[in-house]
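User: I'd like to learn how to read helix packing and a chain interface. Can you walk me through a case?

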Amino acid sequence: MKALRSTFLGPIVATLLAIVIGGILVSAMGYNPFSVYGSLISGAFGNIPSLGNTITASIPLVLCGLGIAIAFQSGLFNIGADGQYWVAAAASVWVGYHFTSLPGWLHIIFCLVVGMLVGAIWGGIIPGLTKAYVGSSEVITTMMLSYIGILLARYLIEGGPMQEPGSNPQSPEIVQNTQLPYFNQTLMQSQLSLVAVAITILAAVVAWFLLYKTTIGYQLRAVGFNQRAARYAGMRVTLYTVIALCLSGLFAGLAGSVQMLGVDHRLMDGFSSNYGYTAIVVSLLARNNPLGVLLAGLFFGALTTGGQNMQIISNVPAALTDVLQGLIIFFVACERIVPQIIQWYRRRRSLRSGVAAS
Amino acid sequence: MSIFADAQIWNSTLSMAVPLALPAIGGTFSERTGVVNVAMEGIMLMGAFFGVAFSYWTGSAWIGLLMALIIGGLTSAAFAWGAIRVSADQVVLGMAINIFAAGLTAFLLDTVFGFSGTPPTTPKLPNVSLPGIDKIPYVGQIFTNQSILVYVMIAIVILSHWFLFHTRLGLRMRSVGENPLAADTVGINVWRLRYAGVIIGGLLSALGGAYLSIGVLNSFSVNMTNGRGYIALAAMIFGKWTPLGSFGAALLFGFSTALGIVLQGNGVSSNLLQMIPYALTIIALTGLVGRSIPPAADGLPYDPKR
């Protein structure tokens, strides 16, 4: 319990600090911070439709976050989940409106598998092989491939082969029986799908099991913890580098697939959603623990939904939630300073008491 | 081929290269001293927004430019503190700065200026033509009616090359990024030079951002840098972490953008053309042609107490 507390104390303090600074910022702009945060919370959880929207918004964040967490645990930084998400989304939409003769459940599985594979290939092959064999920084290669992926998806619907006849930059809609069913539309009034929720929870459990209960996971973490020691112990570091990045892309690809089947139903402009970047925050806040990613993802889903409602209710721009996100990561990254400050404070106090005693 | 004979495309290539070359050279300074810098995008946004805001409030684009530099410098100082003093993960910190800056500038744009955006009466920096040179046919057209920051950029390219590779301080800065322990042993203050590198990087990125908002236009819009900070990162790598190389890469990438605009409507997808910088960077990193190798201590925090 104590270990758990010390693990998550940092992220919680970071979040609180960010909320305080955000509060100062909104007060400086002449708003009442309590009513602003009140509308943020009620916008995220206040009624059943917003709760549904919050859960729906957290699904792509959790799935991308799981992929990023696996990479982090293996000592790798997958900064390009956004691109992996979009190429996988494009691929599963394509599968979703072709192959119309398949039965529904099989077609859904087909879409998801294709999305996962495409995400894994996009995220794993080039960055993984170049990292393993020539030592190119995966931060740069995944980031560059991410932009290429987004431009590719954009091209496909802006004059490319997936554009629907007509002038709108969007693909045809996927067939009806691949669309994940909404949960109780009259009650929820949101695009909440229990199938998507189930896939997400299952993915988190699988990621957790894989990392902590299997040999592959053990070796991935060993390579991430100390590459030299892992190599000395006879682990195939190059292989596990590629596997880690492929798995990372696989989860980001799953995120794209689930979002297409569950919410968007077609490829269309939404390329500035930045799920891949928010998911980095999610993963860091969860300390790269897959089960923690579920919670952190829900928190950021709430921030997204709450931010939109806050903008409507109290006229505070939803961009405030980005400010909070940036501050949270900054503080989480800088939390190493806390023990140093405590040490400095103790030393100063012991110095002072030493002076008083003499 | 007629496209290339038209001086106009070279004129716009040069002006499109500015917001890539400045942050790319800034990133070069930072990474040469050993601090991985992906925060160019965020610092550009800060420079762009505060450049416009202070131009409007004070009525002088020059004060706007000065404030853009100050705020960009302060933002990069916060980044430098986290990266150097706290030894935090530099890529994570850079992401934090980028997300924070995108949020803050969008938030302030809405709350300070309202939904109509920055006022059209905001002053901008002057455009100038080089006297004498602008009379030369063809070449003159390239240097006609360019923002003053275009010429500033050319001066910065030359100065920073000279500084990094032909002065003692430049050599020391590079040594800190290659082998900080050795530099420390001979009495070089590693942290101070790293702070200097990151802050110079911040100033140049903010200058690039201000070029977009008060150099080319006189307004700010949400996320107006539109990923240029990341293309600058690509230009820095493709330019092998040198000022001249960064400038060359920025010209190449600027040219592909200019070409994309000219070719629009000719059936060539601008989305595909825009992939060029990113694809070239991957190729450069993987060493298919003349491999780019980062400074040896790039991204490794240095703790002088050990």
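**Helix packing, then the interface**

Analyst: In chain B, helix α11 (residues 228-238) packs against helix α14 (residues 276-286) at an angle of about 35°, their axes 9 Å apart. This is a predicted model, where local features need pLDDT of at least 70, side-chain atom pairs count only at pLDDT 80 or more, and totals for chains, interfaces and linings use all residues. Residues are numbered from 1 along each chain as written, chains are lettered from A and ligands numbered from 1 in the order written, and side-chain values use heavy atoms, without hydrogens and water.

User: How do I read those values, and what is the handedness of the crossing of α11(B) and α14(B)?

Analyst: Two packed helices are described by the angle between their axes and the distance between the axes. The crossing of α11(B) and α14(B) is left-handed.

User: Now the interface: how much area do chain A and chain B bury between them?

Analyst: Buried area is the accessible area (1.4 Å probe) that two parts lose on being put together, summed over both. Chain A and chain B bury about 3700 Å², 82% of it on carbon and sulfur atoms. In chain A, Met144(A), Leu151(A) and Phe330(A) lose the most area to chain B, together 16% of what that side buries.

User: How many residues are in contact there?

Analyst: 43 residues of chain A touch 41 residues of chain B.

Note on methods. Contact = heavy atoms within 4.5 Å. Axes fitted to C-alpha atoms, helices over the stretch in contact; angles between N-to-C directions. Helix = DSSP H or I, 4+ residues; strand = E, 2+ residues; numbered from the N terminus. Left-handed = near helix turned anticlockwise from the far one by under 90°.
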